[in-house]
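Student: I have a structure open and would like to talk it through with you. Shall we start with the salt bridges?
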Amino acid sequence: MSQLQARFFTDNKKYVIDDVPFSIPAVSEITDLSNVINKLLEGKNGDHKHVEFDFLVQGQFLRSSLATHLETENISTEEVVEIEYVEKYTAPQPEECIMHDDWISSVEADSEWILTGSYDKTARIWSLEGKAVATVAGHTDVVKGVAWVKRDGLSSLLLTASLDQTVLLWEWSSERNKLRARHCCRGHAGSVDTISVDPTRSKFCSGSWDKMLKIWSAEMSEESNRPRKKQKTEQLGPTRTPLMTLSGHTEAVSSVLWMDTEELCSASWDHTIRLWDAETGSQKNMLTGSKVFNCISYSPLCHRLATGSTDRHVRLWDPRSKDGSLVLLSLTSHTGWVTAVRWSPSHEQQLISGSLDNLVKLWDTRSCKAPLYDLAAHEDKVLCADWTDCGLILSGGADNKLYTYRYSACLSDAGA
Amino acid sequence: CCGLLAALSLHITFSLSLSLSLSLSLSLSLSLSLSLAFCSQDIRNTVGNIPMEWYKDYPHIGYDLDGKKIFKPIRNKDELDEFLDKMENPDYWRTIHDKMTGTDVCLSDEQVDLVHRLQQGKFGDVNFNEYEPAIDFFSNEVMIHPVTNRPADKRSFIPSLIEKEKVGKLVHAIKMGWIKPRRPKETAPQYYDLWAKEDPNAILGRHKMHIPAPKMRLPGHEESYNPPPEYLLTDEERQVWEQQDPDERKLSFLPQKYLSLRAVPAFSRFIQERFERCLDLYLCPRQRKMRVNVNPEDLIPKLPRPRDLQPFPTLQSLVYHGHSSLIRSISISPSGQWLVSGSDDCTVRFWEVCTTRCLKTMEVGGPVKSVAWNPAPSISLVAVSYGENVILVNPGLGDRLICSATDQLISSYEEPEEVKDQQVQWAVPEGKAQEQGQRLILTHPKAVKQVSWHGRGDYLACVMPDDGSSLQVVIHQVSRRRTQNPFHRNKGAVQCVSFHPSRPYFLVATQRYVRVYNLIKQELTKKLMANCKWISSMAVHPGGDNVICGSYDCRLAWFDLDLSTKPYKVLRHHKKALRGVAYHKHYPLFASGSDDGTVIVCHGMVYNDLLQNPLIVPVKVLKGHIITHDLGVLDVAFHPTQPWVFSSGADGTVRLFT
């Protein structure tokens, strides 16, 4: 089998070629195929510039030679092989390395600011360029989770969750760079490891080591009726109690997120993912795994859950499946526990994962054996990762560094 | 004739060489027709057969037929005459003394001959033929003439009346059934075929034990009269062959080459060879080996595959770096979030399990021998032993309420009215130590090797190994700050102690035995014999019926307390001394850490059914620790909720296997 028949097609109108089968050598790899396409395009219009392509055979990325790929995927070589080609995803471009004083436990960024929680009991606000803006100090123990609530002009609301069993709601005005703790959310009986703000930005949910999920209001309360004296004594703001407590997990809750305004999803050390109705507080569905879940992420684009466990795999789940414990796909390339996963906010097939093997990996679900890119910048365990809407990938870890990468799926997109 | 007989019956004394007095019996009488005519005149004595001494004093010797006295002849011979007569008289040997007449009689030749014949047991008459042909008158041959001429009796042809009467009686008795006629004899065959019923085709037949004689080896090239030259021995080989013992020789003969078959001489060893062959067949013990056809695989007990016994730790996941010296002891908080380790670098470190973050480091005044997290979830206390001290530390991790409640519990202690003199000093640390979390310091008289909490969290047992001392184990009650010495006498050096998880038992491991004491009845309940030389560590199954003991001689003994005082199973998987053993609280797992740097995880399923023995399957050898100073893994501990095992090693690291 030296030659095989292949037909190339693409969705991108810019790079359409004639729909005719070609006979190509079976040993050809991505670069060979890419050259073929480029030659064809050059023949079609003269001012074509060289573009690197990636190739998919039946929805799977081609990562080895065509012959071996077809053999491993059990695709017949007798017929014409349909090969889709897409513009090659460019590597994420490293931008900043932000030094911290201690391990970074959590990170969340929006379009302007980066919020990181650290083991030095503080959370920090950074600009996207890596400039330290503010330090959120108020917790008496390690900050384990951070979240932006909303931005209202120049003032923002943010949340920090800590090992000291509290979640603090802060108000930060970026203009004057003033920080005020507005509320202290008490109620958990264990370290609060994860927080998540609902899509309406009015509530948030926290998950704790005490096996509970608690839903709190993120609204600012009226301040006028409070005596001035009490304001002073309560440095961290008035205590807030949870609106609702969701109990059901038998072990610590490691990660929580809102799937939409009514639905909550939580992953736990008891090897389960539970879906909750945020209105009634009842458990709707449960997915059972075999390992402790460290992190979870949901993509509204493809309606899939991605989880990182205390093993080497990133697993994808369908939250709507009723039979409970069906893994759609396992992405296997890490060698340590996966501590962070995050779906791409813009691309339905891409996600990043951070692991204790010091690597952040960029995955495409169409290639489950090998990631698209390894981001090997960290010198110690990666503990958290984030992916903003504006295409910024952030990862922080036990080497006290927060790395940011600029990533756009395609060069042409970036140019656009 | 009668007179003659009487004369013959005299006692004749022969003085000849026979020198015996021959008494002639009367049996001669039959045909003694010869006349004893050795006397010319008939002077027959009539006294009869009497002892002739009776006539000793008389001049006569008897009476003759006429009644006249017979006088004794005049005897004038003295001894000398007698001797001369004996020497000179040629007839002396045939001269006999007749006592009846008192005369000397010289026997004639015929008489001497007669005496000789009688002596030889022959008939006296020479002419008597004792072997005359016998005529058989009463033979079976019927002769024409009867032997007797007597006519036949009448009764010989008339039926007998007596017999008729007897037969009639018998017939009557048979008719009446008084006697029964003789039964005909059963004619059973005396001999039968022993093998008649045997199936000739059966395997276990008559010849099942038949072993054919081993066949003789066929002759090879070396036996040939004209062997190829390589089979002929060289001179050196020949010398070696000759020096060898006949039993050791590879060949029993020397191969020889002949020009032609005609030149081959007679086989000189034929008799010897035949004899040896017969000897072989006769002496060789030939017996059939009953070969049992067993597949060796079947002999191995059926154990489930380790893959089916998931979950168990398989991979090293996390390494907790920070200690600078070997870590003797680790303990996990009951929630599973924190880990405490005590090291020889005089520090105690508190770690976050899931991130390997060291949250706290506490310096103490000596190498830490043992740490133990209080198993009660409502108390936040860690017991740390170093040197002679045991400190109780509130790490301040986990639920704040529980931490403050624990502090309150300890500070709420009130001194009792009467202060008893205790062997252990209880002190409250101050200053920096208090800030670090130390809440109580217990100073013991001796170095404390191990601390162990009771499941409720109020009692704490401390071990101070000291062979033969009465104070080796003390039990502290934290809430009342009391110390008691449960044993007035200890046999052997105590290695480790443990409280039973559910019943009021207390397990004390000495070098060779584990003693189980009932704390309520205050008596020895059981004594387990560990079958090993030196117990190093011990763990009690959370169900309470099983105990494992690690020993310095590489063994791990599993005891079933209900089964026996001997180990139910002894595992020898480690190559070096075991240092720590542990059970998992929920999963059927146990682990052992050894000086060879490995942790071996075994599946140890205990069934509720008392009839079913525990199932023990080694599932994984976990490697990772670097052997430092010949020490490998020093302690193992399981995560309370996950199937994860922690191990601390001499390389200053704690490792987590998941």
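Student: Which residue does Arg328(B) meet in a salt bridge?

Tutor: Keep in mind that this is a predicted model. The N to O distance for the pair is 3.1 Å, and a salt bridge requires the two atoms to be within 4 Å. The partner of Arg328(B) is Asp344(B).

Student: Where does Asp344(B) lie?

Tutor: The pair links distant parts of the chain, 16 residues apart. Arg328(B) is in strand E8 (residues 327-332) of chain B. Asp344(B) is in the loop between strand E9 (338-343) and strand E10 (347-352) of chain B.

Student: Why does Arg328(B) count as partly exposed?

Tutor: Buried means under 20% relative accessible area and exposed means over 50%, with partly exposed in between. Arg328(B) counts as partly exposed because its relative accessibility is 30%.

Student: Are Asp311(A) and Arg315(A) buried or exposed?

Tutor: These two side chains also meet in a salt bridge, at 2.9 Å from N to O. As for their accessibility, both Asp311(A) and Arg315(A) are buried.

Student: How many salt bridges are there between chain A and chain B?

Tutor: One example is Lys144(A) with Glu352(B), where the closest N and O atoms are 2.4 Å apart. Over all chains, the count comes to 31 salt bridges. Between chain A and chain B, the count is three.

Student: Which three residues supply 30% of the area that chain A buries against chain B?

Tutor: The contact takes 23 residues from chain A and 23 residues from chain B. About 1,900 Å² is buried between the two chains, with carbon and sulfur atoms giving 55% of that area. The three residues, which supply more than any other three, are Trp209(A), Trp269(A) and Trp337(A).

Student: Why is strand E33 of chain B largely enclosed by the rest of the structure?

Tutor: In chain B as a whole, 38% of the 658 residues count as buried. Strand E33 (residues 633-638) is largely enclosed because the number of its six residues that are buried is six.

Student: What is the bridge partner of Ala637(B) in E34(B)?

Tutor: E33(B) and strand E34 (residues 645-649) of chain B run antiparallel and are joined by five bridges. The two strands form a hairpin, with six residues between them. Within E34(B), the bridge partner of Ala637(B) is Phe646(B).

Definitions and conventions:
Residues numbered from 1 in each chain as written. Chains lettered and ligands numbered in written order. Predicted model: local features only at pLDDT ≥ 70, side-chain atom pairs only at ≥ 80, totals over all residues. Heavy atoms only, no water. Buried < 20%, exposed > 50% of the residue type's maximum accessible area, 1.4 Å probe, protein only. Helix = DSSP H or I, 4+ residues; strand = E, 2+ residues; numbered from the N terminus. Pairing = 2+ DSSP bridges. Contact = heavy atoms within 4.5 Å. Buried area = accessible area lost by both parts, 1.4 Å probe.
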